[in-house]
Amino acid sequence: MFVYADNAATTAVSPKVVEAMLPYFTEVYGNPSSLYSVGQKAKEVLEESRERVAKVLGASPREIYFTSGGSEADNQAIISAARIGEKKGKKHIISTKFEHHAVLHTLQALEKEGFEIELLDVHSNGVVSAQQVADAIREDTALVTIMYANNEIGTIQPIAEIGAVCKERGVLFHTDAVQAVSHVHIDVKEQNIDMLSISAHKFHGPKGVGVLYARGGIVLTNVINGGAQERGKRAGTENLAGIVGLTVALEDVVAHIDETNEKLEKLQDRLIEGLSKIPYSELNGDRNLRVKSNVNFCFEGIEGESLLLLLDDKGVAVSSGSACTSGSLDPSHVLLAIGRPHEVAHGSLRVSLGEDATEEQVDYIIKSVSEVVEYLRGFSPFWGDLVSGKRPHVFAEHTVA
Ligand SMILES: *Cc1c(COP(=O)(O)O)cnc(C)c1O
């Protein structure tokens, strides 16, 4: 059996999306900036896509900027807010310890320039409260940037509440909604979101295309300089096929959110119940405040990389930590942020189910993970120390998730 259960890393482009994109490679291939008709047709499709994306997010078309993906959108949102802030002498930025690296590394670059970056602690259930944000906001706060759903543990943040706090205090609010937009209903106006990032390849669109929503009146700073595309704020000939793919994929995934969640909830319950039976294991992140596709576990006495490689041999594609951290030996910053000790943070597993997942696949994942964990523990010196009592266990033998 082959099970792809790493949909938080990327997704397959849906056939419907591929079909919608094809004419923009070979028929309507004009440059939207060209004045002849094949260019103007491209321009029309570009603007129609902008309207459709805006509608899905509850924004207006002038507030939608197409980018090369989630990372670029995060970079541009944060850099723009920093430039707006510094003109007013505001150089304090609030974020959290468990953001995506596209956010954290952009903040680190600003810190080197003299910005003060305050990363809020994340509660052990993987959630930051609006009260924490309210308490951290100061006179000189330029931006609050907090992700909507975490990419590793899937926990959903109280974004509308945080948005309300930021609005009341007059502070710009950005959210990285890359992992959330396909699982949670988002309306940027109702939820008081000033800026938001999404990426097509996380919801069955193509890679290399995303959206930055920026509320009207927010003056963006260019990250890519050149031509006057995207109202002068993002240079480069538009990736029209990609933009069409993003649009179709976004409409499709959002139209089916409730139906998908209902289906995935059952599979999520089944998977959590099954993996909880593995001794000395624990679910990461809140049992309920999480996207329905995500299940993330820590297993004592296991090395995450070996776990995922052996699962790959069994045809199960999952991840350990995030794709960006695998390859390095550092444990996931997300798991450390929720208070997991280093030795268990190393032994983590993220399963992110697709909409088409089945009970049989979930059962196969449970069976495969149980076998591999037992096998690896069999020759782990670390596990030996736990069994002999040389080291104390971190988790109880059995926890009820
Ligand atoms: C994948 C991801 C990104 C990066 O998006 P790209 O389009 O791959 O650049 C940013 N934030 C989160 C939360 C993600 O999951």
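Which helix does Val 18 lie in? Val 18 lies in helix 1 (residues 15-21); helices here are DSSP runs of H or I with at least four residues, strands are runs of E with at least two, and both are numbered from the N terminus.

Before going on, note that this is a predicted model, in which local features need pLDDT of at least 70, side-chain atom pairs count only at pLDDT 80 or more, and totals for chains, interfaces and linings use all residues. Residues are numbered from 1 along each chain as its sequence is written, and side-chain values use heavy atoms, with hydrogens and water left out.

Val 18 counts as partly exposed because its relative accessibility is 35% (buried means under 20% relative accessible area, exposed over 50%, partly exposed in between, with a 1.4 Å probe and protein chains only). Together with Val 13, Leu 22 and Phe 25, Val 18 makes a nonpolar surface patch of about 330 Å². Such patches take residues with over 30% relative accessible area and no salt bridge, joining nonpolar side chains within 5 Å and like charges within 9 Å. A salt bridge is a side-chain nitrogen of Lys or Arg within 4 Å of a carboxyl oxygen of Asp or Glu.

Now look at strand 6 (residues 172-176): 5 of its 5 residues are buried, so strand 6 is largely enclosed by the rest of the structure. Leu 172, His 174 and Asp 176 point one way, while Phe 173 and Thr 175 point the other way.

Strand 8 (residues 210-214) also has 5 of 5 residues buried, so strand 8 is largely enclosed by the rest of the structure. Gly 210, Leu 212 and Ala 214 cover one side, with Val 211 and Tyr 213 on the other.

Here is how these strands pair, where pairing needs at least two DSSP bridges between two strands:

| Strands | Sense | Bridges |
|---|---|---|
| Strand 5 and strand 6 | parallel | 3 bridges |
| Strand 6 and strand 7 | parallel | 3 bridges |
| Strand 7 and strand 8 | antiparallel | 5 bridges |
| Strand 2 and strand 8 | antiparallel | 4 bridges |

To find these pairings in the model, start with Val 144, whose bridge partner in strand 6 is Phe 173. Asp 176 stands opposite Ser 197 in strand 7. In strand 8, Ala 214 is the bridge partner of Met 195, and Leu 212 is that of Tyr 65.

**A helix to trace**

Helix 13 (residues 359-378) has 20 residues and reaches 29 Å from its first C-alpha to its last, close to the expected 28 Å (1.5 Å times one less than its number of residues). Among its buried residues are Val 362, Ile 365, Val 369 and Val 372.

Terms used. Accessible areas come from the Shrake-Rupley method with a 1.4 Å probe; for residues, only the protein chains shown count as cover.
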